[in-house]
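This report describes the fold and surface of one protein chain. Please look at the sequence and structure before reading on.

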Amino acid sequence: MSVQSAPVTRDEELISLLRSAQVIPVLTIERAEDAVPLASALVLGGVKTLEITLRTDAAVDAAKAIIAEVPDAIVGIGTITTADDLKRAEALGARFGVSPGATPALLDAAAKSSLAFLPGIATASELMQAQAYGFNVLKFFPAEQSGGIDMLRALGGPFPRARFCPTGGIGGANAAAWLAEPNVVAVGGSWLCPATDVKYANWEVITARCIDTMKTLRRRPR
Ligand code: 3PG
């Protein structure tokens with residue numbers, strides 16, 4: 001008798017992608033020519049899952065270049081605020097999409113799309129709205145500014161099925177504390193590649209910071 005395993009749901013797929021990443025750098029790329037060296041520096045430092053935000057004119061070309069030239073990078077598209085952004089992310093071949101928020105129009109488009117998608121939430125009502133469209137893996141944004149770990153714990157009570165990728169105000173000093181929360185699957189943030197390091201092409205500095213961060217997180221008590 002053959003044993004058939006249950007199909008993996010979109011949430012499960014996203015949770016496993018985020019759990020294995022642990023840390024997701026949020027990249028706002030101003031010059032498309034920085035994209036490949038930046039992504040290569042992160043990958044070399046052991047940070048492979050990247051969120052490229054649609055916040056700059058260079059973002060789409062940057063994402064295209066990374067997807068084409070840095071095969072070990074797992075590329076997500078962030079700052080998706082409209083259904084058109086979502087289509088753009090799909091057309092680019094992104095592995096996942098991230099939004100800072102969760103409007104009904106965006107949730108509806110994302111529910112109809114096959115792209116793995118994290119809506120952004122900061123309140124119970126936003127979380128309920130995202131769940132109503134079938135989304136249980138959420139970006140908690142802006143995490144520190146919205147009440148930090150205490151707020152996330154409070155949300156965990158009524159919403160035990162929700163899993164979070166907190167972003168906003170997270171850095172080397174607090175990433176491990178966030179990751180120790182049972183409903184946190186990964187953390188995101190811009191701290192691994194500050195704008196000045198990108199501006200001055202400090203690629204080795206970025207790689208070293210990633211190596212250091214991943215070492216520290218691996219050592220954290222569970
Ligand atoms: C995001 O879009 O997730 C945030 O801008 C990242 O926040 P941070 O710069 O505080 O890490």
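## Overall form

The model is predicted. The protein contains 10 helices and 9 strands. Its radius of gyration is 17 Å, close to the 17 Å given by the globule rule for 222 residues, so the protein is as compact as a globular protein of that length. The C-alpha trace spans about 50 × 45 × 40 Å along its principal axes.

## Packing

Of the 222 residues, 51% count as buried, where buried means under 20% relative accessible area. Among contacts in the protein with a separation of 6 or more, 61% are between residues 24 or more positions apart.

## Surface and charge

The protein exposes about 10,500 Å², and carbon and sulfur atoms supply 54% of that area.

Charged side chains number 21 positive and 22 negative. The centres of these two sets lie 6 Å apart.

## The sheet β6-β7-β8

An open sheet is formed by 3 strands in the order β6-β7-β8, with parallel pairing. Its edge strands are β6, residues 120-121, and β8, residues 163-166. Each of these edge strands pairs on one side only.

Strand β7 covers residues 137-140 and pairs with β8 in the parallel sense over 4 bridges. Within this part of the sheet, lysine 139 stands opposite cysteine 165 in β8.

Note on methods:
Residues numbered from 1 in each chain as written. Predicted model: local features only at pLDDT ≥ 70, side-chain atom pairs only at ≥ 80, totals over all residues. Heavy atoms only, no water. Helix = DSSP H or I, 4+ residues; strand = E, 2+ residues; numbered from the N terminus. Rg over C-alpha atoms; globule rule 2.2 N^0.38 Å. Buried < 20%, exposed > 50% of the residue type's maximum accessible area, 1.4 Å probe, protein only. Contact = heavy atoms within 4.5 Å. Areas by Shrake-Rupley, 256 points an atom, 1.4 Å probe, with all protein chains shown as cover. Lys, Arg positive; Asp, Glu negative; His and termini not counted. Charge placed at Lys NZ, Arg CZ, Asp CG, Glu CD. Pairing = 2+ DSSP bridges.
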